[in-house]
Amino acid sequence: MEDTSKPRRPLDGIRVLDFTRFLAGPYLTRSLAVMGADVIKVERPPHGDEQRGHPHFLQGQSGYFLQQNHDKRGVCMDLKRPEGQAVARDLAAASDVVVENFRPGVMARMGLDYPALSALNPRLVYCSVSSFGQDGPYAQRPGYGIIADALSGALHITGFPDQPPPIIRMPVADTLTGIHGVAAVCAALYAREKTGEGQHIDIALLDCMFSLHEYAIQEYLLSGGEVEATRVGSGLPGSVPYGVFAGRDGCLVLGAPSDQNWAQVCQAMGRPELATDPRYASNAQRSRHRDEVYRLVQDWVTASPSIADALRRLEEAGAPCARVQTIREVVHDPQIAARGMIVEMEHPTAGKVRLPNLPFHFSKADVSPRRPAPLLGQHNHEVLREVLGYSEEQVASLKRAGVLYAAPTT
């Protein structure tokens, strides 16, 4: 039942049929869910989304799954069976959006691809999320975020030149693709209001990571291939100084690409004359003398009594800077608390869980998470009865036939 005690959310009244697993797809549909969409997550028996087996576990429940699937209703059914495919088609006919992230061709083999479902529901917005897209020579290759990181060039320009590139410890490719999917779905829903027709969205991890390049690709293309970015360590070429500096008790980051920022850094270091030194007076000049500039800043940070002392001087001068925080420090950061970026929910088996929030803030809508991630098959009966109007006997028959499945704890 709708909770009328809270303000309406932007996507209230939109129903999303969610065939996704792992991360990019679930992140997309999680975002739609907190914005008000009724997201029905379809999982396969007997184990469901592979995320359910991913640590860290709390009372047998995966935190990975809990984070990416809250505010959704869960249905578990066998999509390899014709009866399961028929239920899925009925759900698609009653939905506004379908999101899937199988390898291209899988949904077609089950009769659940865009041509089949749009014939039943011409207003359907259908979003396919994949590693490489629905066409091209890589379309059938398996992939994860790290594959997109590598093929996009992102790994090649990350790290130090004398070492293999490190993996990116946050799932940039997956979440970037998920949020691009949110934008595309919302745009397609808006277009549907004008045309009355849905459409197919094809979004790929590799495309999204490639589009994220803000300088490396354009400088290569515009230079006719003469300028090729590579690994340079903890600083950013073309913006000097802009990087990470190690101190006696930790590290700080400094972002000072403008001449005004550089003057602030010089003031903090007690070297105001460096701001007008011809070698460093402009970003172009500092880039030519990059190693010297970084050595000047690094020597000052190293000589500082502590990172806190260096940050105090930089902040007093107005220079953009921050401590490189540990996860423990981030969780207790007052800004994170003020922005409501950690939420608490009560799960039926895991109990009280605290998880990272999504970054959406609306002036006229409360998009706080409202329900925990579903247990496997938790809403089988509710969804089939409420959304499809199936009788008790129809639902019971599907259960007896093994088409519907629910975990023993449900």
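Me: With which residue does Arg-313 form a salt bridge?
Reply: This is a predicted model, in which local features need pLDDT of at least 70, side-chain atom pairs count only at pLDDT 80 or more, and totals for chains, interfaces and linings use all residues. Residues are numbered from 1 along each chain as its sequence is written, and side-chain values use heavy atoms, with hydrogens and water left out. A salt bridge places a side-chain nitrogen of Lys or Arg within 4 Å of a carboxyl oxygen of Asp or Glu. For Arg-313, the closest N and O atoms are 3.2 Å apart, and the partner is Asp-309.

Me: In which helix do Arg-313 and Asp-309 both lie?
Reply: Helices are DSSP runs of H or I with at least four residues, strands are runs of E with at least two, and both are numbered from the N terminus. The two residues are 4 residues apart, about one turn of the helix, and that helix is α13 (residues 307-317).

Me: Is Asp-309 buried or exposed?
Reply: Buried means under 20% relative accessible area, exposed over 50%, and partly exposed in between (1.4 Å probe, protein chains only). Arg-313 is partly exposed at 37%. Asp-309 has 15% relative accessibility, so this residue counts as buried.

Me: How many residues apart in sequence are the parts that Glu-382 and Arg-73 tie together?
Reply: The closest N and O atoms of the salt bridge between Glu-382 and Arg-73 are 2.7 Å apart. Glu-382 lies in helix α16 (residues 380-386) and Arg-73 in strand β5 (residues 72-76), so the parts tied together are separated in sequence by 309 residues.

Me: Which residues are linked with Arg-73 and Glu-382 in a network of salt bridges?
Reply: Arg-73 is buried at 3% relative accessibility, whereas Glu-382 is partly exposed at 34%. The network that contains both also includes Arg-15, Asp-38 and Glu-386.

Me: Which residues of the largest nonpolar core touch the most other members?
Reply: A nonpolar core is a set of buried Ala, Val, Leu, Ile, Met, Phe, Trp, Tyr and Cys residues joined through side-chain atoms within 4.5 Å. The largest one has 33 residues, and those touching the most other members are Val-16, Leu-28, Leu-32, Val-97, Cys-127, Val-129 and Val-185.
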